[in-house]
Amino acid sequence: MTRTFDAIIVGAGQAGPALANRLTGAGKTVAIIERHLVGGTCVNTGCKPTKTLVASAYAARLAQRGAEYGVLTGPIAIDMPTIAARARKVILDSRKGNEDWLASMPGLTLVRGHARFTAPRRLEVNGETLEAAQVFLNVGGRARIPDFPGVDEVDYLTNSTIIPLESVPEHLVVVGGSYIGLEFAQMYRRFGAKVTVVEQGPRLIQREDEDVSVEVRTFLEAEGIVVRTDACCIRLAQHPGGVAVGVDCNEGEPEVVGTHVLLAVGRQPNTDDLGLDKAGIAVDEHGYIVVDDTLATTADGVWAMGDCNGKGAFTHTAWNDYEIVAANLLDGGKRKVSERILGYALYVDPPLGRVGMSETQARKSGRPLLVSKRPMTRVGRAVEKGETHGFMKIVADAETRKILGAAILGTGGDEAIHGILDMMNADASLDTLQWAVPIHPTVSELIPTVVGDLKPA
Ligand SMILES: Cc1cc2nc3c(=O)[nH]c(=O)nc-3n(C[C@H](O)[C@H](O)[C@H](O)COP(=O)(O)OP(=O)(O)OC[C@H]3O[C@@H](n4cnc5c(N)ncnc54)[C@H](O)[C@@H]3O)c2cc1C
Ligand SMILES: NC(=O)c1ccc[n+]([C@@H]2O[C@H](COP(=O)([O-])OP(=O)(O)OC[C@H]3O[C@@H](n4cnc5c(N)ncnc54)[C@H](O)[C@@H]3O)[C@@H](O)[C@H]2O)c1
């Protein structure tokens, strides 16, 4: 049997449901196909549960530091089942919200199952054929599991399996020193685990400037996290004490034994079992769906949104992909993904808020630069809160007097960065800030000061 719709969406993650809402609102019949959990990665195994756990870890840290603030508590204990239950509630509430939203859309059919193309714009799900004039792929990604020697012989955790843990590992070894690895490393250290981060590169979060990597490493080590960089030939083996992780670093012990190992070495797009070859849809060498500036794939009438197109790896970039597709197809827009100014945050504590180019990227561009940096020890709000790790840094083009990028690594950095993100989106020059009156005491109030301190560099 074949069912025909105006549009088919594969994946009910971040972009799919929002696009379904717009398409059904325009009177179209739409099938949305989901093989696992509505809400996808962010809701079920990504942003939402991790930031809920990060909040518990922050509470633990504040409690541990209570005496510094003159707040005397009794012995601090971690109630992991309650922590896990908090995250579970956030997941379930959010998933239900998404399911209810889908159920409220007239003309929408939610099909549960794994979709695979059998021909252009024709997909098979559970033995049934669905076809449509327009197909939108929002299939996301999953944890990449490299073929480390021994990986099949040991139990390892990924972002999906670590979230429901109801006990604190004695010693968590985190392989991968970037977003996922560092957020879990710090949170579990705060829950009381011994934590070792093993990173193959010479420094943590290598996409960032070196001063950012160094500062993050400094405050993580200050909390007792052991960081092993330059790890090569990673191998895993069963050990009476848990799992032995061979690191072969240039210095230090050649092996780390942990009770648990988390693999956080990147993501892989869910495009390997989608029958893309049957539909003329090209992928790149990493499996990401090739798209143009409007997110159209190489096949007529097929678009790809979110993590699977390799243009972004965040919830807000997936959402923005939906906005671009909807604006162009339904509102007569001419929006392009290349116009997006990328911002993001890393939720270690204190967080890193980022927008635009790093200083390293700006230097590579060869333009004349202005750079300004201010330590958080000279930001009143940070001093008052007793959270003075980090710095604010702005990089601007000396000729156009426009901001090229910024990093706010410090308390409230994930929020304060939006002042700069908005300036960049407004295409405002440095001088625009001159007469703004920021609120005292905030981290953001120092942005005009940092701009005022910009010097040729
Ligand atoms: C631990 C972790 C923390 C994160 N934290 C943040 C954060 O703080 N901020 C942030 O911006 N981003 C964060 N991210 C990234 C964010 O979760 C993703 O960028 C976002 O979820 C991508 O959305 P998406 O719609 O592209 O894909 P997904 O949310 O992955 O959704 C894809 C959906 O498609 C379904 N699917 C796949 N293949 C098929 C098929 N063949 N048939 C049917 N259905 C299919 C899947 O089951 C899934 O539900 C985090 C990610 C992780 C792993
Ligand atoms: N705060 C956020 O917005 C947030 C949080 C978590 C995840 N995410 C998203 O999830 C994606 C995946 O995050 P991630 O941290 O898994 O991937 P990543 O690609 O950011 O980092 C992977 C890290 O693992 C290291 N690595 C790779 N192979 C290794 C090996 N063999 N041995 C040791 N180290 C190795 C890399 O050098 C790198 O530092 C990110 O791109 C991000 O967009 C976002």
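How do the residues of the shell around ligand 1 divide into nonpolar, polar and charged? There are 15 nonpolar, 17 polar and four charged residues in that shell, where Ala, Val, Leu, Ile, Met, Phe, Trp, Tyr, Cys and Pro count as nonpolar, Asp, Glu, Lys and Arg as charged, and the others, Gly among them, as polar.

Before I go on, please keep in mind that this is a predicted model, in which local features need pLDDT of at least 70 and side-chain atom pairs count only at pLDDT 80 or more, while totals for chains, interfaces and linings use all residues. Residues are numbered from 1 along each chain as its sequence is written, and chains are lettered from A and ligands numbered from 1 in the order in which they are written.

Staying with ligand 1, the shell holds 36 residues, of which Gly 11, Gly 13, Gly 40, Gly 140 and Gly 306 come nearest; a residue is near a molecule if its C-beta atom, placed from the backbone, lies within 6 Å of it. Two or more residues of this shell come from each of strand E2 (30-34), helix H2 (40-44), helix H3 (47-64) and helix H8 (315-330), these elements being DSSP runs numbered from the N terminus, with helices (H or I) of at least four residues and strands (E) of at least two.

Turning to ligand 2, we find 26 residues around it, with Gly 176, Ser 178, Tyr 179, Gln 200 and Ala 313 coming nearest. Helix H6 (179-190) and strand E17 each supply at least two residues here, and H6 gives the most, with four. By class, this second shell has 15 nonpolar, eight polar and three charged residues. It draws at least three residues from each of domain 2 (151-265) and domain 3 (343-456), the domain bounds coming from an automatic or database assignment.

Now to the backbone. The peptide bond from Asp 349 to Pro 350 is cis, with omega near 0°, and Pro 350 sits in the loop between strand E17 (343-346) and strand E18 (352-356). A cis bond also joins His 440 and Pro 441, where omega is about -5°, and Pro 441 belongs to the loop between helix H11 (413-425) and helix H12 (447-452).

That H11 to H12 loop also contains Asp 427, a residue other than glycine whose phi is positive, near 55°. Asn 126, in the loop between strand E5 (122-125) and strand E6 (128-137), likewise has a positive phi, near 50°. Why does Asn 126 count as exposed? Because Asn 126 has 11 C-beta neighbours inside 10 Å, and exposed stands for 12 or fewer other C-beta atoms within 10 Å of the residue's own, with C-beta atoms placed from the backbone. Asp 427 is exposed too, with 11 other C-beta atoms within 10 Å.

Note on methods
A residue is buried if 20 or more other C-beta atoms lie within 10 Å of its own, exposed if 12 or fewer, and partly exposed in between; C-beta atoms are placed from the backbone.
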